[in-house]
Amino acid sequence: MTSIAIIGAGLSGITAARILQGHGLTPTIFEKCQASGGRMSSRTSQWGSFDLGAQYFTARHPRFIDELGNWIAQGIATEWLVTPYQLSSSSRLHTQDVVQRYVGLPHMGAITRFLESNLDVRCGQTICGCHHRDEQWWLENTRGEAFGPFDGLLVTTPAPQAVPLVSASPRLAMLARKVRMQPTWALGLAFTQALDTEINAAFVENDSIDWLALDSDKPGRLAQPQRWVVHATSDWSASHMELEPEEVVSILSEQFFKLLGVPARKPDEAIAKRWRFARGNLDGASGFDQRLRLGCGGDWSHGARVEGAWLAGQELAERMLAALQKEG
Ligand SMILES: Cc1cc2nc3c(=O)[nH]c(=O)nc-3n(C[C@H](O)[C@H](O)[C@H](O)COP(=O)(O)OP(=O)(O)OC[C@H]3O[C@@H](n4cnc5c(N)ncnc54)[C@H](O)[C@@H]3O)c2cc1C
């Protein structure tokens, strides 16, 4: 049995694993968080779910459009019929756009949870060392435990986190090092008494906030209590990266109320999530070292979106299969 280790249980890693498994290989995924999803994951609390990362996704590539059809048929995704406002501190525009937006059901994290169902996903495993010996891979986690041997390795973490993991290939390490990823502070706010506004989603032109959405208004979500998600701009997030979550809640929620034009009020729940590596884009292909059977990629190699992550997972798996086939 050909065994492949995959680091990262975001959409790219899960997608790659499914393809490899479909070709009779044995993939094992190592994920540092307690659940799959990565930047598509959702936070669930007593108030319901919050999509704190990806808000929705679009589908343009024919292969991804087909895959989306499967997800819709399986009941894990649906269209979100929404026309986001364009908001600034002085204007409020509501013009129709033609973008078709989709969301996971009943939350974004449900997509990878479903897709991982027949896979070996080891959560709570932060991999800090990848060693290539005698044509095989051995992984090491932060507790000093070793895993292996594996015949191949795919690294699907955000690029800056991939650099040390692919150091066996200076070319791949250089590729990952070139990618600059920007941070995002995300806020989740729950209100048992609904805010009085007709806005349910908005792109924002503001120094601190660039997106807000009524998460509880997305299809398939618990409608009450009202749950909002707010994203800070990359610049604001970068310059406030080390603030305590409570301070972030306080600063961004003040802006949030101003933008909506509603009186400020204490939320019943407030969550602040720091995404250190939210978005970045090399706009190229994933990297692959045939001799080492080592691949590296993710959304950052294919367009910094959910669709890009899926395409990256496809490409990495196909390159691994081609490399193995070539060796006969
Ligand atoms: C705030 C925010 C808003 C976004 N909005 C949108 C949107 O509206 N539409 C859209 O299409 N896209 C959006 N995106 C982007 C989208 O979420 C990503 O493109 C996609 O989820 C990336 O998937 P991935 O598998 O490539 O990477 P990830 O989801 O980052 O998966 C990588 C995984 O690797 C794990 N990992 C990292 N290091 C290690 C390690 N050392 N050991 C083990 N595991 C490790 C991580 O925990 C993570 O689970 C948004 C992202 C963010 C953060």
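Which residue forms a salt bridge with Arg39? In this predicted model, the partner of Arg39 is Asp299, and the closest N and O atoms of the pair are 2.8 Å apart.

In the whole structure, a search finds 14 salt bridges.

## Two domains

The domain assignment divides the protein into domain 1, made of residues 3-42, 112-179 and 281-327, and domain 2, made of residues 48-106 and 180-280. Taken over C-alpha atoms, the centres of domain 1 and domain 2 are separated by 28 Å.

## The interface between the domains

Where the two domains meet, 26 residues of domain 1 are in contact with 23 residues of domain 2. The size of an interface is often given as the accessible area that is lost when the parts come together. Between domain 1 and domain 2 the buried area is about 2100 Å², and carbon and sulfur atoms give 61% of it. On the side of domain 1, the residues that lose the most area to domain 2 are Arg39, Glu307 and Trp310, which together account for 30% of what that side buries.

Polar and charged groups also take part in this interface: 10 residue pairs are found in polar contact across it, both residues being at pLDDT 80 or more, and the rule finds 1 salt bridge between the two domains. Elements of domain 1 that each supply at least two residues to the side touching domain 2 are helix H3 (110-115), helix H4 (159-162) and helix H8 (306-327). Of these, H8 gives the largest share of that side, with 6 residues. By class, the side of domain 1 that touches domain 2 has 14 nonpolar, 6 polar and 6 charged residues.

A salt bridge is also found between the side chains of Glu318 and Arg63, with a distance of 2.5 Å from N to O.

## Surroundings of the ligand

Around the ligand there are 38 residues, of which Ser12, Glu31, Arg39, Tyr56 and Asp299 come nearest.

Several distances describe how oxygen atoms of the ligand are placed relative to polar atoms of the protein. An N or O atom in the side chain of Ser12 is 2.7 Å from an oxygen atom of the ligand, and for the side chain of Asp299 the distance from an N or O atom to a ligand oxygen is likewise 2.7 Å. In the case of Gln55, a polar backbone atom is 3.3 Å from an oxygen atom of the ligand.

## Backbone details

Two cis peptide bonds can be described here. One joins Gly148 and Pro149, with omega about 0°, and Pro149 is found in strand E12, which covers residues 146-150. Another runs from Gln224 to Pro225, with omega near -5°, and Pro225 is placed in the loop between strand E16 (209-214) and strand E17 (226-232).

A further detail of the backbone concerns Glu135, a residue other than glycine whose phi has a positive value, near 65°. Glu135 has its place in the loop between strand E10 (127-133) and strand E11 (136-141).

Definitions and conventions: Residues are numbered from 1 along each chain as its sequence is written. This is a predicted model: local features need pLDDT of at least 70, side-chain atom pairs count only at pLDDT 80 or more; totals for chains, interfaces and linings use all residues. Side-chain values use heavy atoms; hydrogens and water are left out. Domain bounds come from an automatic or database domain assignment. Contact means heavy atoms within 4.5 Å. Buried area is the accessible area (1.4 Å probe) that two parts lose on being put together, summed over both. A salt bridge is a side-chain nitrogen of Lys or Arg within 4 Å of a carboxyl oxygen of Asp or Glu. A polar contact is a pair of N or O atoms within 3.5 Å; within protein, one must be able to donate a hydrogen and the other to accept it, and residues adjacent in sequence count only if both atoms are side-chain atoms. Helices (H or I, at least four residues) and strands (E, at least two) are DSSP runs, numbered from the N terminus. Ala, Val, Leu, Ile, Met, Phe, Trp, Tyr, Cys and Pro count as nonpolar, Asp, Glu, Lys and Arg as charged, and the others, Gly among them, as polar. A residue is near a molecule or strand if one of its heavy atoms lies within 4 Å of it.
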